[in-house]
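This briefing goes through a single protein chain by topic. Please keep the sequence and the structure open while reading.

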Amino acid sequence: MKFFKASLVIALTGLLSNATWAAFEITPAVQKELDKHVEQVKTWAADPVIVKALIAQNEKGPISGMDNAKWKTVRRNDTLVKEFQSNPAGQYLKKKISDSNGTYAEAFLNGAQGEKVAFFEKTTSYLHKGNPKFDVPFTSGKTWQGQPEFDESSQTHQIQVSVPVASGGKTVGVLVVGVSLTKLEKLTKK
């Protein structure tokens, strides 16, 4: 019974926390600050390390048999996860996140079929094809901006933005970055 009560308290706390941030208002000042960060993320997407990783991944395609259900069973300390973090693009994203002083909560790179190429921390899903965060930038070449949310994989309140990654004038992948809502609020009050 104690376990049930504790689980219920945790679940309700999570729901209240999500409801609080779901009501987070993207004011013009917050949007202006977020737009600055989107421009920063675009420079990351143009880095040769990122572009090279995508070109190489697109030649291989997704991991055979890997889907989102199977991905959820892969542990964070699994060799496969470590490969996504330790490859050159994963190291690049790690440095950008580490150097951001908490501004960026997560970053991951998707190949042409929505599969993971590199990330800072293990993502909730392996494939993002069919989701606006992948489809909008990949098919239109435009930036996508999500809604304020509590992200399970990074355990932060954030807003995700995604930008296309191009090579030779063609979109070859998508870079998704989670921007801390707490940090955005603080930056607008300076």
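**Helix 5 against helix 6**

Helix 5 and helix 6 cross at roughly 70 degrees, and their axes come within 4 Å. Helix 5 is therefore roughly perpendicular to helix 6, since angles of 65 to 115 degrees count as such. The model is a predicted one.

- On the helix 5 side, the contact is made by Phe 84, Gln 85 and Ser 86.
- On the helix 6 side, Pro 88, Gly 90 and Gln 91 make the contact.
- The contact of helix 5 with helix 6 has two nonpolar residues, four polar residues and no charged ones.

**Overall make-up of the chain**

- The chain has 190 residues, and buried residues make up 42% of them.
- Its secondary structure comes to eight helices and six strands.
- Along the sequence, these elements follow the pattern α-α-α-α-α-α-β-β-α-β-β-β-β-α.
- Taking contacts between residues at least 6 apart in sequence, 61% join residues at least 24 apart.

**Helix 3 against helix 6**

- Helix 6 also packs with helix 3: the two axes come within 9 Å and cross at roughly 145 degrees.
- This crossing of helix 3 and helix 6 is left-handed.
- Val 49, Ile 50 and Ala 53 of helix 3 meet Pro 88, Ala 89, Tyr 92 and Leu 93 of helix 6.
- What kinds of residue make up the contact of helix 3 with helix 6? The residues divide into seven nonpolar, no polar and no charged.
- Pro 88 is listed in the contact with helix 3 and in the contact with helix 5.

**Helix 2 against helix 8**

- Helix 2 spans residues 28–45 and helix 8 spans residues 181–188; their axes are 9 Å apart, at an angle of about 110 degrees.
- That angle makes helix 2 roughly perpendicular to helix 8.
- The crossing of helix 2 and helix 8 is right-handed.
- From helix 2, the residues in contact are Ala 29, Val 30, Glu 33, Leu 34 and His 37. From helix 8, they are Leu 184, Leu 187 and Thr 188.
- The contact of helix 2 with helix 8 comprises five nonpolar residues, two polar residues and one charged residue.

**Gln 160 in strand 5**

- Gln 160 belongs to strand 5, which covers residues 156–167.
- Is Gln 160 buried or exposed? Gln 160 is buried, because its relative accessible area is 3% and the cut-off for buried is under 20%.
- The side chain of Gln 160 makes a polar contact of 2.5 Å with the side chain of Glu 106.
- A polar contact of 2.7 Å joins the side chain of Gln 160 to that of Lys 133.
- Leaving aside residues up to four places away in sequence, Gln 160 touches several others, among them Phe 108, Trp 144, Gln 145, Gly 146 and Glu 149. Its contacts also include Asp 151, Val 176, Val 177 and Gly 178.

**Asn 58 in helix 3**

- Asn 58 sits in helix 3, which runs over residues 48–60.
- With a relative accessible area of 26%, Asn 58 is partly exposed.
- A polar atom of the Asn 58 side chain lies 2.8 Å from the backbone nitrogen of Ala 112.
- Residues up to four places away in sequence not counted, Asn 58 touches Gly 111, Ala 112, Glu 115 and Val 172.
- The C-alpha atoms of Asn 58 and Val 117 are 9.2 Å apart in space, while the two residues are 59 apart in sequence.

**Leu 80 in helix 5**

- Leu 80 lies in helix 5, which covers residues 79–86.
- Ile 63, Met 66 and Trp 71 are touched by Leu 80, not counting residues up to four places away in sequence.
- Leu 80 and Lys 122 are 42 residues apart along the chain, and their C-alpha atoms are separated by 10.0 Å.

**Asn 101 in a loop**

- Where is Asn 101? The residue is in the loop between helix 6 (88–98) and strand 1 (104–110).
- Asn 101 is exposed, with a relative accessible area of 60%.
- Phi of Asn 101 is near 55 degrees, a positive value in a residue other than glycine.
- Most residues other than glycine have a negative phi.

How values were computed:
Residues numbered from 1 in each chain as written. Predicted model: local features only at pLDDT ≥ 70, side-chain atom pairs only at ≥ 80, totals over all residues. Heavy atoms only, no water. Axes fitted to C-alpha atoms, helices over the stretch in contact; angles between N-to-C directions. Helix = DSSP H or I, 4+ residues; strand = E, 2+ residues; numbered from the N terminus. Parallel < 35°, antiparallel > 145°, perpendicular 65-115°, else oblique. Left-handed = near helix turned anticlockwise from the far one by under 90°. Contact = heavy atoms within 4.5 Å. Nonpolar A, V, L, I, M, F, W, Y, C, P; charged D, E, K, R; others polar. Buried < 20%, exposed > 50% of the residue type's maximum accessible area, 1.4 Å probe, protein only. Polar contact = N/O pair within 3.5 Å; in protein donor to acceptor, adjacent residues only side chain to side chain.
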